[in-house]
Amino acid sequence: MPVRSSYAPGTPSWIDLSTSDPAAAQSFYGALFGWHFEANPTDQGGEYLMASLGGENVAGMMQQQPEQADMGIPSLWNSYVTVADADVTISKVTAAGGQVMMPPMEVMAAGRMAVVVDPAGAVICLWQPKDHIGATVVNEPGSLIWNELISTDLAASTSFYADVFGWDGQVMEMAPGQEYTSFMLGEVPVAGGMKPPMEGMPSFWGIYFGTDDCDATCAKAEELNATVIVPPMDLPVGRMASLTDPTGAMFSIIKMNPMQDA
């Protein structure tokens, strides 16, 4: 499997799970994707679990903060975008109409991170790498393959990400009356965006994991106590399904069509 050694600024590069039950999440994702976990102490006194696939980093995992649980925030996957300078990027965030949820902070020797909110309310993290570049394996079964924005104001979000990350939002018709925005960094598609498929759904960043068999992976996830939100279905780019893990975190899986495989 190809191993990444760097990411261009403006590229999604890491995901981690904030979960109400790390033990249950480890059991689930370990059985579903074959991940192995290593616990690392943090400056705050807790543990950060590093998930690996074939010895390469694919994702992180941590205990949800008590204040998040008290607010009724569910377990969720966080998306990170590599930036050259977190402080400079933060200044772009506010100028573009976004909000700073957490200002830049050092994550030991790993890097420097911040958490921001786009104008439609979607939360995304910034990552200025040091020792940790992000995922060293992507676009493989059991690893991150796509980041997707659900936005209640896609025009405002598209403008925001253009100013902050330099993304060019290119709109395409996926089906009659259904538009999809591909966020391009130069000539490379790095993420996607669409309006909420259901009324009342808030803005958020979702993630897709690769699979070599969408139906089999979906069935296995169900056996492991996941809940199927969108059963396997065909899209122009591949076959996908959306689920929530046993701790309530939503994620999607996709088997990409050969011509679309990254």
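**Close-up views of a predicted model**

**View 1. Buried face of helix H1.** Pro22, Ala25, Phe28, Tyr29, Leu32 and Phe33 are the buried residues of H1 (buried: under 20% relative accessible area, exposed: over 50%, partly exposed in between; 1.4 Å probe, protein chains only). They lie on the same side of H1, because they cover an arc of only 125° around the axis, taken from the directions from the helix axis to the C-beta atoms. This is a predicted model, in which local features need pLDDT of at least 70 and side-chain atom pairs pLDDT 80 or more, while totals for chains, interfaces and linings use all residues. Residues are numbered from 1 along each chain as its sequence is written, and side-chain values use heavy atoms, without hydrogens and water.

View 2. Phe28, Tyr29, Phe33, Trp35, Phe37, Trp77, Phe209 and Phe251 are linked into a cluster by ring pairs (rings of Phe, Tyr and Trp, its six-membered ring, with centres within 6.5 Å; planes under 30 degrees apart are stacked, over 60 edge-to-face, the rest tilted). The structure holds 24 aromatic pairs. Tyr29 and Trp35 form a stacked one, 5.3 Å centre to centre with 15° between the planes. Tyr29 is buried at 0% relative accessibility, and Trp35 is buried at 4%.

View 3. Ser182 lies in strand E11 (residues 178-185); strands (E, at least two residues) and helices (H or I, at least four) are DSSP runs numbered from the N terminus. Ser182 is buried, with a relative accessible area of 7%. Leaving out residues up to four places away in sequence, Ser182 touches Asp168, Gly169, Gln170, Met172, Pro189 and Ala191 (heavy atoms within 4.5 Å).
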